[in-house]
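Here is a walk through one protein model, taken strand by strand and helix by helix. Have the structure open beside you as you read.

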Amino acid sequence: MSNGFANAEGDKKKKKIAIISVSSLILVAMVVAVTVGVNNAPHGEEHGDDNHGSETTPEITSSTKAIQAICQPTDYKETCEKSLEAEAGNTTDPKELVKVGFKIATRSLNEAIKNSTTLKELAKDPRTNQALQNCRELLEYAIDDLNQSFERIGTFQMSKLDDFVADLKIWLSGALTYEQTCLDGFENTTGDAGVRMQEFLKSAQQMTTNGLGIVNELSTILGSLQLPGMSGRRLLEDDDREMPSWVSDGKRRLMQAGAAAMKPDLVVAQDGSGKYKTINAALADVPLKSNKTFVIHVKAGIYKEIVVIPKHMTHLTMYGDGPTKTVVTGSLNFIDGIQTFKTATFSAIGANFYARDMGFENTAGAAKHQAVALRVQSDRSIFFNCQIDGYQDTLYAHAHRQFYRDCTISGTIDFVFGNAATNFQNCKLVVRKPLDNQQCIVTAHGRLNRKEPTALIFQSCHFMGDPAYLPFKAINKAYLGRPWKEYSRTIIIGSTIDDIIQPEGWLPWMGDFGLNTLFYAEVQNKGAGADESKRVKWRGIKHITPQHAADFTPRRFIDGDAWIPAKGIPYSSGMM
């Protein structure tokens with residue numbers, strides 16, 4: 001009898017686990033369906049309007065109940081429900097809901113792309129034309145991120161549910177970022193193209209925001225359930241696993257000699273000792289959509305070319321002979337008529353890009369305003385021992401997960417900016433001399449929504465001044481950052497801050513924009529500029545503990561342990 005009872009109890013537990021697992025899978029599938037359902041919102045819908053125009057009926061279908069439940073935590077509930085109800089029919093199959101949502105999303109964003117082409121033909125202002133052209137590219141990136149979310153369903157495993165959620169949040173944030181970057185391109189343009197494009201993208205932006213709300217709710221549910229078989233990295237609780245920050249001296253030497261041990265598939269050399277004399281010529285022979293690492297050695301030289309690692313070129317490694325020996329240089333800039341998005345000397349788009357021992361620069365100078373040296377949207381990208389030099393907008397950490405180790409980044413205004421989830425370790429942030437009437441700002445993070453898993457995180461870094469700037473530090477004052485977007489988030493941990501940084505620490509963007517909603521924190525820093533007693537007292541300035549700060553270290557914040565150590569570079573997964 002006792003065995004029978006035990007078996008019965010075991011069967012009940014298994015059944016309960018199975019029900020929870022299936023329910024969670026359905027919920028995850030519906031997350032994607034709701035996330036990508038766009039373009040069916042009625043005009044005039046207000047943020048958070050969840051009951052207007054709705055009617056209750058005696059009998060609600062299972063499909064409607066499911067849609068209403070999944071739309072509950074969203075900011076735009078009416079848009080969420082109507083977009084799915086309009087095309088989902090009576091299906092309760094989560095996979096069919098995913099397909100419906102995906103179809104709507106694809107149609108909506110492609111329609112916006114088509115509209116951008118039509119508007120481009122009507123626009124007379126060159127900047128407007130360029131903004132519309134950029135929108136086409138950016139919205140294709142947004143579709144790619146939604147595609148990745150959709151494809152994840154096919155490879156879904158319950159044991160990796162937390163990884164699924166983390167990826168989904170990053171890709172949704174990427175889609176939202178690309179939509180906003182499209183609209184940002186219309187600043188300082190003439191005509192009504194910007195207003196019309198904003199209307200075209202209204203529903204897409206709302207539903208992407210809704211998706212973030214749903215995924216965050218899913219994170220909460222899964223974290224509280226603590227489902228059996230979940231992977232070791234938990235969603236909401238502290239991770240107790242310890243991983244050594246540094247390895248033995250012998251292993252460390254091997255890591256630092258990593259470039260010498262690499263066997264290049266292609267060699268670029270200006271002196272003719274390689275097959276190619278330019279980086280772009282070598283890229284033409286790189287395989288696309290590969291899951292295997294492909295290595296390019298770029299020998300010492302100054303490479304005057306605009307380089308783009310396209311979205312279909314994945315798992316590419318590029319290494320030079322040193323950050324001041326192998327340098328990619330350009331001078332595209334905003335004043336000469338190029339949108340900021342397109343001024344980058346080097347753009348890394350394809351996922352899993354890894355660069356080491358290289359330099360990237362934009363030589364346009366302070367007078368040319370926005371001039372990007374390096375733009376990165378490559379998910380799980382790594383830059384080790386690189387030098388990134390410019391003035392305004394030097395490093396555009398555009399989107400997705402990024403890691404920088406032992407890099408030097410120089411500039412004047414907002415010289416580290418973007419909406420990526422980015423960790424910098426042991427990097428130098430060097431303030432350069434700006435124009436006579438300019439102030440200097442190191443960071444400008446662009447988080448659009450509080451639910452986005454993005455931030456600029458600096459660990460054991462050094463905020464310092466270029467020797468040419470130091471005599472002017474009292475005139476051209478320098479600050480740690482300012483809020484480019486409403487939910488800007490920047491955390492500085494265990495770093496050295498020189499006296500070039502003003503006692504106030506942070507600078508407003510315009511008026512009180514973002515001051516209550518941003519998230520800025522400084523933890524365990526040192527140096528003459530690290531004194532927090534005279535820092536600004538905005539509501540968004542946070543005073544967090546080292547335990548809380550650990551949530552923003554690579555292991556927890558960007559799942560760094562899963563993809564950084566394999567490159568064999570110095571790496572600290574937690575607090576340094």
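This is a predicted model: local features need pLDDT of at least 70, side-chain atom pairs count only at pLDDT 80 or more; totals for chains, interfaces and linings use all residues.

## E6 and its two partners

Strand E3 (residues 301-304) runs parallel to E6, and the two are held by 4 bridges.

How covered is E6 (residues 326-330)? Mostly covered: 5 of its 5 residues are buried. That holds on both faces, with Thr-326, Val-328 and Gly-330 buried on one side and Val-327 and Thr-329 buried on the other.

## The open sheet

Now for the 11-strand sheet. It is open, its pairing is parallel, and the order is E1-E2-E5-E8-E11-E14-E17-E20-E23-E25-E26. The edges are taken by strand E1 (266-268) and strand E26 (541-542); each has a single partner strand, so one side of each has no neighbour in the sheet.

For a look at one pair inside that order, take strand E20 (residues 455-459) and strand E23 (residues 489-493), which pair in parallel over 4 bridges. Gln-459 stands across from Ile-493 in E23.

## E18, E21 and E24

Another run of pairings goes through E21. Strand E18 (residues 428-431) pairs with strand E21 (residues 462-465) in the parallel sense over 4 bridges, and Val-431 has Gly-465 of E21 as its bridge partner. E21 then pairs with strand E24 (residues 496-497), also parallel, over 2 bridges.

## Leu-480 and what surrounds it

Leu-480 belongs to strand E22 (residues 478-481). With a relative accessibility of 1%, Leu-480 counts as buried. Beyond residues up to four places away in sequence, Leu-480 touches Val-442, Thr-443, Phe-463, Ile-492, Ile-497, Ile-501, Gly-505, Trp-506, Glu-522 and Arg-535.

One of those contacts comes with a C-alpha distance: Leu-480 and Gly-505 are 25 residues apart along the chain, and their C-alpha atoms are separated by 5.7 Å.

## Two nonpolar cores

Which residues of the largest nonpolar core touch the most other members? Among its 62 residues, the answer is Ile-296, Met-318 and Phe-383. Apart from this core lies another, of 33 residues, including Ala-142, Tyr-178, Leu-183 and Phe-341.

Back to Met-318 for a moment. Setting aside its neighbours within four places in sequence, Met-318 is in contact with Ile-279, Leu-283, Ile-296, Val-298, Ile-309, Phe-346, Phe-353, Tyr-354, Ala-355, Arg-356 and Met-358.

In helix H2 (residues 62-71), the buried residues are Ser-63, Thr-64, Ile-67, Ile-70 and Cys-71. Looking down the axis of H2, those buried residues fall within an arc of 135 degrees, so they line one face of the helix. On the face of H2 turned away from the buried side you'll find the exposed residues Ser-62, Lys-65 and Ala-69. The general rule is handy here: an α-helix has 3.6 residues a turn, so residues three or four places apart point the same way.

Helix H6 (residues 161-184) is mostly covered, with 23 of its 24 residues buried. Its length also checks out: at 1.5 Å a residue, the 24 residues of H6 should span 34 Å, and the end C-alpha atoms are 34 Å apart, which agrees.

The disulfide joins Cys-135 to Cys-182, with the sulfurs 2.0 Å apart. Cys-135 lies in helix H5 (residues 126-154) and Cys-182 in helix H6, so the pair ties together parts that are 47 residues apart in sequence. The link of Cys-135 and Cys-182 is right-handed, with 90 degrees about the S-S bond, and both cysteines are buried.

Cys-386 counts as buried at 2% relative accessibility, and Cys-427 is buried with a relative accessible area of 2%.

Conventions
Residues are numbered from 1 along each chain as its sequence is written. Side-chain values use heavy atoms; hydrogens and water are left out. Buried means under 20% relative accessible area, exposed over 50%, partly exposed in between (1.4 Å probe, protein chains only). The arc is that of the directions from the helix axis to the C-beta atoms. Two strands pair if DSSP finds at least two bridges between them. The expected span of a helix is 1.5 Å times one less than its number of residues. A nonpolar core is a set of buried Ala, Val, Leu, Ile, Met, Phe, Trp, Tyr and Cys residues joined through side-chain atoms within 4.5 Å. Contact means heavy atoms within 4.5 Å. A disulfide is a pair of cysteine sulfur atoms within 2.5 Å.
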